[in-house]
Amino acid sequence: DDPTTRLYEPVQRRRLEAQLIGDFNGIGAVVAVTKQKKGEISARRLSIIAPVPGGPADRAGVRAGDVVSEIDGRWVIAYDPLLELDRPTIMAMDMKARRQAVETANKRREDGISLPDALEVLGGGSAKTIKRAAGETLALTLERQGAAEPIKLSVVLGPARLDPVEFKPINSKVSYLRVTQFSDTATASIAKALSANKAKSVVLDLRDNSGGPSTGATKGAYKCVVSLLQGLSSGGDMGFVERAGGRRDKITVAANKKHPARVTVLVNMGTANLAEMVAAGLRERNGARLVGDQTRGDGTFLKLHSLSDGSAMTVASGKLLSSKGLDFSGKGLKPDVMVSTGGPKSSGDAALSRAISAAGT
């Protein structure tokens with residue numbers, strides 16, 4: 001009953017590994033299966049965690065938090081439609097109406113698209129029921145929080161390159177550091193940026209940073225997170241991974257006397273998983289202020305395991321908690337300053353302007 005535990009065939013594994021270093025295809029977004037309740041039915045929905053800035057989905061208007069309900073006009077199968085026919089409803093029907101209701105439910109399922117096929121085509125692959133290539137258009141129907149009606153968009157499929165780190169001085173007091181992906185490439189870029197930083201205040205932009213699976217303690221996302229926290233904090237226990245049985249493994253970073261005096265963190269609905277833990281740790285341990293929108297609320301600690309035939313699995317291996325033991329799963333983090341934000345930008349951005357103002361005071 002865990003949608004995050006998933007098998008990746010060899011070709012899918014190669015695609016995932018490319019994404020983990022910033023090379024995306026398809027719609028150019030981090031997509032995941034999430035659990036939602038529809039009445040008494042436990043549904044599996046296809047959620048946009050974070051569009052790649054400037055990628056196909058971002059250009060088309062897809063946002064973090066959107067749920068893909070249809071692809072090319074076909075329902076993305078979220079549950080067995082027969083579950084909607086509860087026993088009292090069925091028993092109240094005559095035989096003809098009962099038969100018609102069952103046939104309608106079965107046809108909806110048969111005409112729909114399975115979650116594996118949907119994930120495949122959105123990620124740039126080719127599924128049996130959906131065949132699209134780069135340059136072709138995919139029609140998406142999205143459910144968006146606050147929108148009264150479903151939103152229909154067309155996305156031109158193609159490659160998207162995610163530059164994981166951007167750094168620049170804003171003025172003599174404030175520097176801007178955007179981290180949209182935790183990776184080995186990002187680790188090196190973050191170290192270079194912070195060594196060049198002269199300002200006492202840093203705006204850390206974690207909008208549309210979806211976290212991601214850990215490939216080990218000495219590389220990949222986990223190492224990048226530890227390096228970032230060490231560069232921006234005074235050190236100490238910055239979070240926990242809660243294991244089965246309640247055991248908690250500390251995420252500890254070394255002391256750093258040269259850390260910035262003030263850190264302001266930009267967040268939005270695309271800030272998820274490890275990025276949420278970073279934001280929470282900096283707020284709790286170093287008094288950082290969070291600016292932007294509510295974060296996603298994804299506390300699952302994922303590990304990527306390689307298998308002998310070239311395939312791989314992501315496996316839920318624990319729950320991420322903040323430095324004070326806060327469980328943000330399903331709730332997210334509420335910013336100290338709420339400002340609607342569409343994504344990371346370096347100018348013309350109300351949330352960024354507020355963050356720079358807060359950092360400079």
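**A close look at α1**

Author: Let's start with the neighbours: the buried residues of α1 pack against β1 (6–8), β2 (23–24), α5 (115–122), β17 (300–306) and β18 (312–322). Packing here is contact, with heavy atoms within 4.5 Å. Bear in mind that this is a predicted model, where local features need pLDDT of at least 70, side-chain atom pairs count only at pLDDT 80 or more, and totals for chains, interfaces and linings use all residues. Residues are numbered from 1 along each chain as its sequence is written, and side-chain values use heavy atoms, leaving out hydrogens and water.

So who is doing the packing? Helix α1 spans residues 10–20, and its buried residues are Q12, R13, L16 and Q19. These four sit on the same side of α1, because they cover an arc of only 120° around the axis. Buried means under 20% relative accessible area, exposed over 50%, and partly exposed in between (1.4 Å probe, protein chains only).

Now step past the helix: α1 is followed by G22, which has a positive phi, near 100°. Most residues other than glycine have a negative phi. Still, two others here go positive too. D72, in the loop between β5 (67–71) and β6 (74–75), has a phi of about 55° although it isn't a glycine. With 29% relative accessibility, D72 counts as partly exposed. N273 isn't a glycine either, and its phi is near 65°. You'll find N273 in the loop between β15 (262–267) and α8 (274–286), and it's buried, at a relative accessible area of 4%.

Key. Arc of directions from axis to C-beta.
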